[in-house]
Amino acid sequence: MRSPTLLLASKRSAWSLLLSATTSGACAALTASLVTPIAYASPEMDRQYAIKTVGFLRAVDNVDGLFESYVAKAFQEYFVQNSRFTLTDLSKADDVLSGSKIPYAKLIQDNQILGKLSRVTRAESILRTKIFKEGPRYRFTIEWLHSPKMIAMATEIFFLEQPKQGESLSAAEVTRAIQKGLDDLLTKIPFVGQITGRDAESVTVDIGESAKLKSGDKLSVATLEEIKKHPLLNTVVEWRMVPVGTLEVETVDRGLAFCKVTEQEEGKQIARFQKITQITPKLVDLAQDTLVDEEAEARKRAAETPRLGWISGGPTSGTFSRLYSSSNGSTGKDGGGFLVGAKADGQLWLNRKWFIESSLGYGTFDYSQKNIATGADTGVNDSGTLLSYRLSLGYTYFVAGNFFGPKGFLKLGYRNSNYTLATQTAENTAPSSFSSLSFGIGADLPVRNLWGLLLNLDFGILRNGTETGAT
């Protein structure tokens, strides 16, 4: 017994869809699927699963259409960038389906209706998206349906957490999640492209720069041997591929590559609609890419601009000298020793040009002295320490406008040096301290690669000195 025929007409277009279903037809289809769940290899099968064109249905959800516009935008952007597929516009069909008395969510679950829709729109495959709020998260289900029987070739399910109170899902976050779901969906199909033509030993394939193909890459070619389908769920459960041969990429365009046949299995021939199952990069390119990546990473680390400032430290050495004499220099003591220690410097950047600089140093030295008048050793055999620090405000001038280019700087601050030496009145030794305002100029001059020349010149202004215990 036949069920009534339903005619849905769009008020905004001059075409219509004839939607019909039969009880006997549904039973026959179920019986046939139970009897013949496997499709066997033939050139026609490769052609049937070309899936060059793809369309997407308006998404359905249980949150009043919250994600409808997000899904549409994400799909459009994704397939514009993916040159492997041609996007088919199903918006007119959506208008017709939405105008039916049958709920839209129910209509898009009817495979007979979608089969008629695919014939009218010439879509070789259709994406059906459903979103349901489940507690504190949203469950996204994207099904990739093969026309016209609407066999589910692959299904991808992912989740988005509901934002906390007072927050909202950003459009960028939702778009990234949906497009990541599309990436994962496409990887569930065991081929990344197909052959679009062959002339003698020359072959064209429908993937190119967008698939990161390069000249010299190897492409494995196979043909569909059989496709196992679930008899009740109407889904593909297994793809079986038979190797046919190998291609070598010669030239690459954005969505197309020209190849040559390098190998064919005995008794088989590479032909149109056969599938590209694997891309093997050229071995030299693999090594070169690794080297380039390592060099690029090294350059990136070397060229990375610090954001807060810098700090450095290391050992220091030098000499310490001290002269204590009368005003005319005729009497007094003159001494010194070798100093070793450590020093740390740092800068805190207030912005691109202004900075605060600090320095801290500490050292120890042995000390001996002689009498100025006689030149004789006075017998002093002592040791002392030096503690110094400096704090300055600086301004940087970029000569070439580049952070790593030549630059000069001015600094103004305060500095202090404290010398500890045992107090010996007879020998005129005692601790001393010197402080002053400090004015500095300098330059940072790149020389080659990571090497450069750093110049600094500091002046003490309004210097003050104190000494405790000496006569």
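Which backbone oxygen does the side chain of Ser118 reach? To find out in this predicted model, select Ser118 together with Gly115, and the side chain of Ser118 will be seen to reach the backbone oxygen of Gly115 at 2.7 Å.

Keep Ser118 selected and show helix α6, in which this residue is found. Ser118 counts as buried because its relative accessible area is 3%, below the 20% cut-off. Next, display the residues in contact with Ser118 beyond its neighbours within four places in sequence, which are Ala123, Ile126, Ser147, Pro148 and Met150. For a distance to check in the viewer, pick the C-alpha atoms of Ser118 and Ala93, which lie 9.7 Å apart in space and 25 residues apart in sequence.

Now widen the selection to the whole of α6, residues 111-121, and colour its buried residues, namely Ile113, Leu114, Gly115, Leu117, Ser118 and Thr121. At the start of this helix, a side-chain oxygen of Asp110 comes to within 3.0 Å of the backbone nitrogen of Gln112, while Arg122, which follows α6, has a positive phi, near 60°.

From here, move to the largest nonpolar core, which has 38 residues, and select Phe67, Leu127, Trp144 and Trp239, those with the most contacts inside it. Among the elements that each supply at least two residues of this core are α3 (68-81), β7 (125-134), β8 (137-146) and β13 (236-252), but the largest share, six residues, comes from α7. Finish at another core that lies apart from this one, with 16 residues, including Leu97, Tyr104, Leu145 and Ala152.

Conventions: Residues numbered from 1 in each chain as written. Predicted model: local features only at pLDDT ≥ 70, side-chain atom pairs only at ≥ 80, totals over all residues. Heavy atoms only, no water. Core = buried A, V, L, I, M, F, W, Y, C linked by side-chain atoms within 4.5 Å. Buried < 20%, exposed > 50% of the residue type's maximum accessible area, 1.4 Å probe, protein only. Helix = DSSP H or I, 4+ residues; strand = E, 2+ residues; numbered from the N terminus. Polar contact = N/O pair within 3.5 Å; in protein donor to acceptor, adjacent residues only side chain to side chain. Contact = heavy atoms within 4.5 Å.
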